[in-house]
Amino acid sequence: MDDIALAVIGGTGLYKLAALDEVEALEGMTPYGAASGPVRVGRIAGQRVAFMARHGEGHSLPPHQVNYRANLWRLKQVGARQVLAINAVGGITERFGPRVLALPDQLIDYTWGRISTFCEEPGTEVLHVDFGDPYTPALRARVLAAAARSGTALVDGGCYGATQGPRLETRAEIARLRRDGCDLVGMTGMPEAGLARELGLDYACLAVVANWAAGCGDDAEITLAEVLANVEAASAGLPALLEALLG
Ligand code: HPA
């Protein structure tokens, strides 16, 4: 079997990859328990691509209950080495309004109580992985080049603040994130990125801005309908971006 060129983890509003041809579903268990669902492997631009829905295909898992370790382990187990994570986010600063696609280059982790390392079990080697650049620069560069080639508007850079959820944030919490330097806020960016680094996987986050975060932009009430409509609209450019990335 030839290698998997890319694994895509789909977030809220992205439960399958329409661009995947000849899809087969791989079921399997990991030492860390069950992943969110099957890995669906197909082809884009002739290359093998794996897809997993982070919240489960029926969106049954809230951000704090996703088994991030199992998901990444499973993707590595089936042969993935490069992971493009798609995350619905709220926009905090001006450049990150609803429907923007962004490729953050930094993150701050505000989550708590999630298993955030593979160094939990007694006897495992303690890893202090370098995380100065939480997203793999070489993979980011490839995604940016693919966006340029395919004419997909993509904001380069930004800091992703990972909050615990599942509730949305207060205005004061978002004001604090802004002071800290966050441009985007989401609930699933960590521990996923850190675990990918521990496994030696290349990892980049494609953030899909679903709404203005609390107190930002038009400061309107955030509804699920708005989130899903904006994610769907912003994801329209994804097939062309993936074709360019893999072509
Ligand atoms: N906050 C946190 N996570 C999110 C948001 C938000 O405003 N929108 C989509 N995911």
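How much space lies in the largest pocket? About 430 Å³ of space lies there, and the ligand takes up space in this pocket. The model is a predicted one.

- Glu169 places a polar side-chain atom 2.7 Å from a nitrogen atom of the ligand.
- In the side chain of Asn211, an N or O atom is 2.7 Å from a nitrogen atom of the ligand.
- Gly90 takes part through its backbone, where an N or O atom lies 3.4 Å from a nitrogen atom of the ligand.
- On its own the ligand has 260 Å² of accessible area, and the protein covers 93% of this area.

**Shell around the ligand**
- The residues around the ligand are Ala88, Val89, Gly90, Leu168, Glu169, Val185, Gly186, Met187 and Asn211.
- By class, the shell holds five nonpolar residues, three polar ones and one charged one.
- Two strands, β7 (82-91) and β12 (184-186), each supply at least two residues of this shell.
- Of the elements, β7 gives the most to the shell, with three residues.

**Largest pocket**
- The space taken by the ligand is the largest pocket.
- Its lining consists of 25 residues.
- Nearest the centre of the largest pocket lie Thr12, Ala88, Leu168, Met187 and Val227.
- At least two lining residues come from each of β7, β12, β13 (202-212) and α5 (224-234).
- The element that gives the most to this lining is β7, with three residues.
- The lining of the largest pocket divides into 13 nonpolar, 10 polar and two charged residues.

**Second largest pocket**
- The second largest pocket has a volume of about 200 Å³.
- Tyr110, Trp112, Thr163, Gln164, Gly165, Arg167, Leu168, Glu169, Glu173, Arg176 and Leu177 line the second largest pocket.
- This lining is made up of four nonpolar, three polar and four charged residues.

Conventions
Residues numbered from 1 in each chain as written. Predicted model: local features only at pLDDT ≥ 70, side-chain atom pairs only at ≥ 80, totals over all residues. Heavy atoms only, no water. Near = heavy atom within 4 Å. Polar contact = N/O pair within 3.5 Å; in protein donor to acceptor, adjacent residues only side chain to side chain. Areas by Shrake-Rupley, 256 points an atom, 1.4 Å probe, with all protein chains shown as cover. 1 Å grid on protein atoms, 1.4 Å probe; cavity = no way out; pocket = protein on both sides within 12 Å on 5 of 7 lines; lining within 4 Å. Sits in = over half its atoms within 2 Å of the grid points. Helix = DSSP H or I, 4+ residues; strand = E, 2+ residues; numbered from the N terminus. Nonpolar A, V, L, I, M, F, W, Y, C, P; charged D, E, K, R; others polar. Points joined across faces, edges and corners; volume = space filled by probe spheres on them.
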